[in-house]
Amino acid sequence: MPKLTIIAAVNNAIATAMRNDPRVVVFGEDVGKKGGVFGATDKIQAEFGEARCFDTPLSEDGIVGTAIGMALNGLRPIAEIQFQDFIYPAFDQIVSELAKMRYRSGGQYACPVVVRTPYGGGIRGGLYHSQSAEAYFTHTPGLVTVIPSTPYDTKGLLLSALQGEDPVIFFEPKRIYRDPALAEEVPEGMYTVPIGKARLAREGSHISVFCYGAMVPVCLQAAEQAEAKGISLEVLDLRTLCPLDEAAVLASVRKTGRAIVVHEAPKFCGYGAEISALIAEEAVDSLEAPIVRVAGFDTPFPNALENYYMPDARRVMDAVDRVMSF
Amino acid sequence: MTTSAEIAQNPLLAPFLPPPASDEECLRFYRDMVRTRTYDRQMIVLQRQGKIGFTIPCEGEEACHIGAASTFRPEIDWLFPSYRQQGMALHLGVPVEDLVHQMFNNEKDAGSRGRQMPVHFSFVKPARWVSISSPLGTQIPHAVGCARAMQMKGEKGAALVCFGDGSTSTSGFHSGLTFAGVWKAPVVFLCDNNGWAISVPTHKQTASASFAVKGRAYGVPGVVVDGNDVLAVRDAVGAALERARQGGGPTLIEAVTYRIGGHSSSDDPRRYRPEGEVLQWQQRDPLARFETLLGERGLLNSSMKKDLEDRARDEVLAAVDAAAPLPPPPLDSIFEDVLAQQTPRLVRQRAELRSELERHGRSTSADGAFPL
Ligand SMILES: Cc1ncc(C[n+]2csc(CCOP(=O)(O)OP(=O)(O)O)c2C)c(N)n1
Ligand SMILES: [Mg+2]
């Protein structure tokens, strides 16, 4: 089995899906000859031809809108949005159309579209190349929202998304796209990782840390530091934000009695609020300390000072200290 | 491609043509084209040296910028640029140093306070250069709304909005032209058609015979101009701006030019376009062409050229020396300018960050490199 980075796993998943299913097509800005600005579709056009991997005009609403039409007529489109920050022109198509087609047609029509998009900071991208806007999408009933954090899960979840019947917004953690430390062996052919299931990234007993995407390695790093201080963190990689694996969240917090939620999006109304509310509603009796959220500040994403904006292991450790000293 | 002579024949623009450029003006245009190229190349060097994170080169497109800026009237007009018009800033009198401060995202980056990526300038003086946004096409309706406000307030100016060929596919282009046509707003749409939107060539961007012709359906006249001829761009944009100021309504101008470099410092254009195409366009280099013209008119010789180049280089290097050592904006700036009044919540978050740093010292450094 080859060792792949996350971006290589995306590329491999697309190629695998296209080899196995003639209905799969991939398109967006610069995905053709250039192979995508991050290389997600590198060599895909060369292997599968321009009919199945093509550049579009510069219109995100056009990309998602036409993907919906293709899906209605039996294709399995992968629509690439070059940066998550540029998804908003397609917001209407996603929220009003993609998410509601099944419901509004009484189940007569469905749109199994996969919208892939790199998200998150840490690449010196400033306000418009760093956003982490998952909460806009998880707030919309009718969408599946996935954020992988490992190469194995990236491929398996993307292949699951392409086999399912639902629209999937697939956020890819671009900051760790090429992280060699995360490269791992990934099976060559078809396999799937189930949507809607969290992954226990590290077992622990004192605090449950809930995270996803680029924050998973950050939390694992914090877990190492905590262990050196005799504190055992359980790290749950949520993987699918919606539908959320509520059972896994609650089981973990019932075991540890403490919860920290970590994401890089602004804290206010961020995804962490939902996890916190779930725990408060369903498992408050098992809590031994307040739930703490570690998140981005409630500001747009800065550029020169992005290191101070992004949660890091030290900030997670501050939360650990707070929770343990309660 | 439409030249100055042809624009002079264009019944729409002819009545509004600026007077022919004087020798002195021509030399100033040339000087600023040289300054632009020098600045631009130096930014690439800095990026390659790892001193700045990113840049967007404009080599090959200088004539569009200088030609257009030369007829802009900062006292009354408004500018809504995109990210490839550095030359316009220089010609409008923005000090090179102010550009370089933004490129370094340092404490003197007044127009983004270290928040925006390099090249995303914002100025109020010497011209109303409205803050550049990365999301493409968004500025097009802004210019139209600003123009509408000028109409309503009885102001005499016009709005000039710049965007690329790719950006004509955005909904911002469509709504901007739709509204401008209906309102007869005093706005000039300047589309720099440089052949490419990153790796997507114009024939994959539109099936239309030109970008200029798109205006017709919106009731906005369209004009194609040779974007590598500084005087032709000046005539076309100058006449369109004056037509707008005098109540004649909007114009769409397509300046045909070419992006000699990559899309940005992170792009390798050899992956998707033939080298021959670049060489072909280098034959039409806007600086070389203007040099020939000025030489023929006896306005420029090789020692004057060298002198201008040396001075431009000194100017840029001095600006880099001034900007490079400066620290980033203060930490508190993260929490400022979100709303007019800082919320108590942000005051609290600011305090949290301060105390975190008191306990831990500096934050870990970023690891990523910008890929696009
Ligand atoms: C809405 C949006 N989608 C995608 C991008 C990413 N992107 C940045 S520049 C660019 C190409 C722009 O081409 P064009 O409008 O021709 O301008 P040029 O860069 O050639 O000057 C793309 C796709 C973006 N900035 N905004
Ligand atoms: Mg272009």
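Analyst: Ala, Val, Leu, Ile, Met, Phe, Trp, Tyr, Cys and Pro count here as nonpolar, Asp, Glu, Lys and Arg as charged, and the others, Gly among them, as polar. This is a predicted model, in which local features need pLDDT of at least 70 and side-chain atom pairs count only at pLDDT 80 or more, while totals for chains, interfaces and linings use all residues. Residues are numbered from 1 along each chain as its sequence is written, and chains are lettered from A and ligands numbered from 1 in the order in which they are written.

User: How do the residues of the shell around ligand 1 divide, and where does ligand 1 lie?

Analyst: A residue is near a molecule if its C-beta atom, placed from the backbone, lies within 6 Å of it. Ligand 1 lies between chains A and B, and 22 residues surround it, the closest being A:Phe86, B:Gly164, B:Gly166, B:Ser167 and B:Ala197. Strands β3 (159–164) and β5 (196–197) of chain B are the elements that give two or more residues to this shell, whose residues divide into nine nonpolar, seven polar and six charged.

User: Into which domains is chain A divided, and how many residues are in contact between them?

Analyst: Domain bounds come from an automatic or database domain assignment, and contact means that C-beta atoms, placed from the backbone, lie within 7 Å. Chain A is divided into domain 1 (3–185) and domain 2 (199–324), with 26 Å between their centres, taken over C-alpha atoms. In chain A, 27 residues of domain 1 are in contact with 23 residues of domain 2. The side of domain 1 that touches domain 2 draws at least two residues from each of α6 (134–138), β6 (144–146), α7 (151–163) and β7 (168–173) of chain A, and its residues divide into 13 nonpolar, ten polar and four charged.

User: What is the strand order of the open sheet in chain A, and which helix lies across β9, β10, β11 and β13?

Analyst: Helices (H or I, at least four residues) and strands (E, at least two) are DSSP runs, numbered from the N terminus, and two strands pair if DSSP finds at least two bridges between them. The five strands run in the order β9-β11-β10-β13-β14 of chain A, with mixed pairing, and the edge strands are β9 (199–202) and β14 (292–296), each pairing on one side only. β9(A) and β11(A) (residues 233–237) pair in the antiparallel sense over three bridges, and A:Leu200 stands opposite A:Leu236 in β11(A). Angles run from 0 to 180 degrees between N-to-C directions of axes, which are lines fitted to C-alpha atoms, for helices over the stretch in contact. Helix α8 (residues 215–228) of chain A lies across β9, β10 (207–211), β11 and β13 (259–266) of chain A, running at about 170° to β11(A).

Terms used. Contact = placed C-beta atoms within 7 Å.
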